[in-house]
Amino acid sequence: MRRLLQLRSAFAILIACVQLDCGALRDAGDAEKAAAKAASMQSKGPEGDGPPATRIVSGSLRSIFQHDDGATEDVLDTQYITPDTILYPDGNGSFVSQPLAIDPDGNFSVPGVPRGTYYLKSSTLFGTFSSNGFVIGTFVGLAPLDADTPDLTAFIHGRANAAAPTAETQVSLNVSGLDPWASRDNLFIVTAQSFTSRAPTRAQRPADGGTEAALNFSWFEAFDGVAGNLPDAQQGDSTYFYQVHSRPMANGVDVALADRFAGPVAFTVPDGATVSTSVALQPAPLDRSAGTGAALSKFAAIVPEMNPAASLTADPESLAVPFAFSKIFAVPGPLAFPDGQAFGVAPRVREASYNYPTVDQDTDFGTLHYGGFLDPLYQDAREFVFGASLVLTAEDGTQMGFNPGYLVVAPPDSLPDVIEPELTPVRHPRIQGKDAFAPQSGVGLTPTLSWKEPRRGKPSSYVVQINMISAPASDDTVIAIQARVYKATSFTVPPGLLVPGKTYNASITAIQTDEDENRPFRAGLPIIQVDAMTNTFTP
């Protein structure tokens with residue numbers, strides 16, 4: 001379940017990273033010699049006095065899984081995105097790169113690391129869209145740390161042995177008590193402890209207007225974009241079935257509302273089997289409430305601070321389309337740092353969602369009533385997202401669309417009825433000291449991005465993401481780099497990541513949340529983030 005916690009811009013993707021070629025940073029033999037020399041100085045400062053010049057950095061890649069009943073498992077967890085390399089300054093303006101040797105218990109130890117910030121690096125394949133269609137490359141994530149022994153545990157609600165099917169698995173579901181089925185409705189199955197979220201109506205849909213249905217579907221085909229593990233009642237899993245139904249609100253806008261449910265029920269789907277079950281949905285209490293207002297004119301007013309060329313008009317080729325929407329969802333387990341589940345692998349229960357009809361006019365649909373059908377294990381969160389439109393062009397003619405924007409996620413009762421900006425974008429972004437809102441060339445392969453603090457709000461950190469706009473040569477090409485920045489307003493790209501002759505841009509996202517730079521796999525609510533996005537640059 002591990003992922004390098006990006007605390008991303010709402011418009012960025014999961015972090016990842018490739019194994020850097022040590023030769024691109026320094027000769028591999030030189031790196032080993034430098035590390036050995038540093039280790040020999042472990043106990044003495046520059047002249048043998050004062051604090052050690054270097055130290056041993058060690059860590060353990062483990063996850064704490066919390067079950068529905070509160071019991072926990074502390075287990076090795078390296079099956080997902082795992083740091084593979086440590087990078088640290090060599091004192092000469094470059095970096096030493098060392099692979100992480102992780103033992104069978106998930107532990108590592110690296111001698112000779114200078115005091116100050118170092119990076120854990122991890123990697124995965126990554127997909128995005130451009131004018132060339134769907135593009136696949138490599139995403140490089142850099143997690144900055146400065147502790148000798150950082151806390152690399154993740155806190156996850158669920159059981160560690162939850163698993164997806166390995167063979168074709170079929171479900172025959174008879175459901176009654178539906179609200180008269182509408183074209184945009186959906187039926188979901190969610191089991192918190194097994195990381196299960198399925199949407200059978202994406203495989204087979206009830207008849208429009210129907211209040212019952214017999215659905216026969218493949219577990220694989222009921223994909224809804226998140227976890228698809230198999231629930232097992234014998235292991236204590238509790239399952240909910242719920243219908244998300246379109247209901248009218250003010251101004252001719254519909255809300256997708258979870259208004260019928262069944263659960264919790266004992267529901268087991270064995271791997272490779274065909275199972276049958278029947279559920280009768282009942283009305284959800286809808287006894288909770290939240291505001292729906294958004295001061296969209298104020299969000300529109302900060303768009304020029306995101307990028308002077310950003311627009312509230314859709315790109316003619318639909319590479320970037322502005323938007324504003326809100327959601328209320330529930331997740332199992334805590335919301336607050338350090339054990340928050342809102343951005344973890346736990347499935348979300350979609351309690352309510354709606355789009356705003358414009359992106360620049362203040363809108364308020366009044367009080368929204370929702371939820372009330374989940375047990376106390378689940379905690380509610382309200383999410384508001386605003387995005388502008390920006391399209392940039394590379395040297396090879398490739399165009400890529402971006403949505404610089406604003407995100408807030410928090411418990412509903414902690415937010416005002418009408419949401420407005422509490423954090424503004426960083427100011428005066430620069431690359432190699434030059435205006436980053438203007439196209440720049442010749443910035444080098446290790447440029448420094450810098451900025452000034454926002455005029456409103458107090459960021460706890462920043463996320464810098466560099467995107468290759470040009471067409472990549474292969475899947476191994478690094479097309480995105482993401483790094484967290486604490487206690488600083490600049491970031492220097494390590495060697496070996498940018499490609500000569502290619503065109504890039506960068507987003508600098510201000511983050512306001514509770515966090516700890518030496519607990520990179522932990523998160524919590526509330527969180528606010530807002531983007532500033534540069535123009536193009538070439539090395």
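Which side chains meet in a salt bridge with an N to O distance of 2.6 Å? They are those of arginine 455 and glutamate 305, a salt bridge being a side-chain nitrogen of Lys or Arg within 4 Å of a carboxyl oxygen of Asp or Glu. This pair links distant parts of the chain, 150 residues apart, with arginine 455 in the loop between β30 (448-452) and β31 (461-468) and glutamate 305 in helix α4 (residues 303-306); helices (H or I, at least four residues) and strands (E, at least two) are DSSP runs, numbered from the N terminus.

The model is predicted, so local features need pLDDT of at least 70 and side-chain atom pairs count only at pLDDT 80 or more, while totals for chains, interfaces and linings use all residues. Residues are numbered from 1 along each chain as its sequence is written, and side-chain values use heavy atoms, with hydrogens and water left out.

Across the whole structure, a search finds 17 salt bridges. One of them joins arginine 519 to aspartate 151, whose closest N and O atoms are 2.9 Å apart. Because arginine 519 lies in the loop between β34 (504-513) and β35 (527-533) and aspartate 151 in the loop between β8 (133-145) and β9 (154-157), the pair ties together parts that are 368 residues apart in sequence.

Another salt bridge pairs aspartate 237 with arginine 159, with the closest N and O atoms 2.7 Å apart. Aspartate 237 is buried at 3% relative accessibility, and arginine 159 is buried at 3%, where buried means under 20% relative accessible area, exposed over 50%, and partly exposed in between (1.4 Å probe, protein chains only).
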